[in-house]
Amino acid sequence: MRGKFITVEGIEGVGKSTIVPFVQETLESEGQKVHVTREPGGTELAEAVRGLLLSEWKETILPQTELLLMFASRAQHVATVIEPNLKAGTYVVCERFSDASMAYQGGGRGIDDTFIESLAQLTHRETSPDLTLYLDLDVDESSVRTQSRSKDRIEQEDLEFFQRVRDAYRSLAKKHRRIVTIDASRSLPEVERAIASALEDLNR
């Protein structure tokens, strides 16, 4: 049987790095084999592209350049990691996927959604999440949670940028039934219970 593809999305500070291990542990406790990965990244080449994307440069990185690098990384990731694992019956849990491009480069940078969708069709036509856990958080709270971190190039954007990203995520959640919105402002036990419920529904 083909494995299930689960993605975890949200703006900075929502707790993705905490939730991904919880998802892995929950699935493994149910006897599933799980591969955890991330975007941009997930392969040696894709991680190198991640370094290009998140580093600061003297020249301005155009929104189109940022988007194309994201999908170049994604094409490699899907072909060499995600699809082989899914075909082997392994559950794949990925921190960010194409919804992030719709939110960050679409909502945040203003690139037309249809162009992003065409790139998604080109790079992973047959690979789509079975479940997306969208961790939703107010941008002001996100800023408070991340203020002590060292930030990469994208994380240094202003609150208006992240508001556009959040709005795009919330719009996507209304369009796709696979996206389950989790209130990330709640306590961790409450967030974990909501996620456990979504995983249970997926495996029914």
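View 1. With a relative accessible area of 5%, Ser 142 is buried, a term for values under 20% with a 1.4 Å probe and protein chains only.

**View 2. Packing of helix H1 against helix H8.** H1 (residues 16–29) and H8 (residues 188–202) pack at an angle of about 45°, their axes, lines fitted to C-alpha atoms over the stretch in contact, lying 11 Å apart. The two helices are therefore oblique to each other, a class left over once angles under 35 degrees (roughly parallel), over 145 (roughly antiparallel) and 65 to 115 (roughly perpendicular) are set aside.

**View 3. Ile 6 in the largest nonpolar core.** Such a core is a set of buried Ala, Val, Leu, Ile, Met, Phe, Trp, Tyr and Cys residues joined through side-chain atoms within 4.5 Å. Of its 48 residues, Ile 6, Tyr 104, Leu 135 and Ile 195 touch the most other members, while helix H7 (residues 159–175) gives the most to this core, with seven residues.

**Notes.** Residues are numbered from 1 along each chain as its sequence is written, and side-chain values use heavy atoms, with hydrogens and water left out. In this predicted model, local features need pLDDT of at least 70 and side-chain atom pairs count only at pLDDT 80 or more, whereas totals for chains, interfaces and linings use all residues.

Methods: Axes are lines fitted to C-alpha atoms, for helices over the stretch in contact, and angles run from 0 to 180 degrees between N-to-C directions. Helices (H or I, at least four residues) and strands (E, at least two) are DSSP runs, numbered from the N terminus. Buried means under 20% relative accessible area, exposed over 50%, partly exposed in between (1.4 Å probe, protein chains only).
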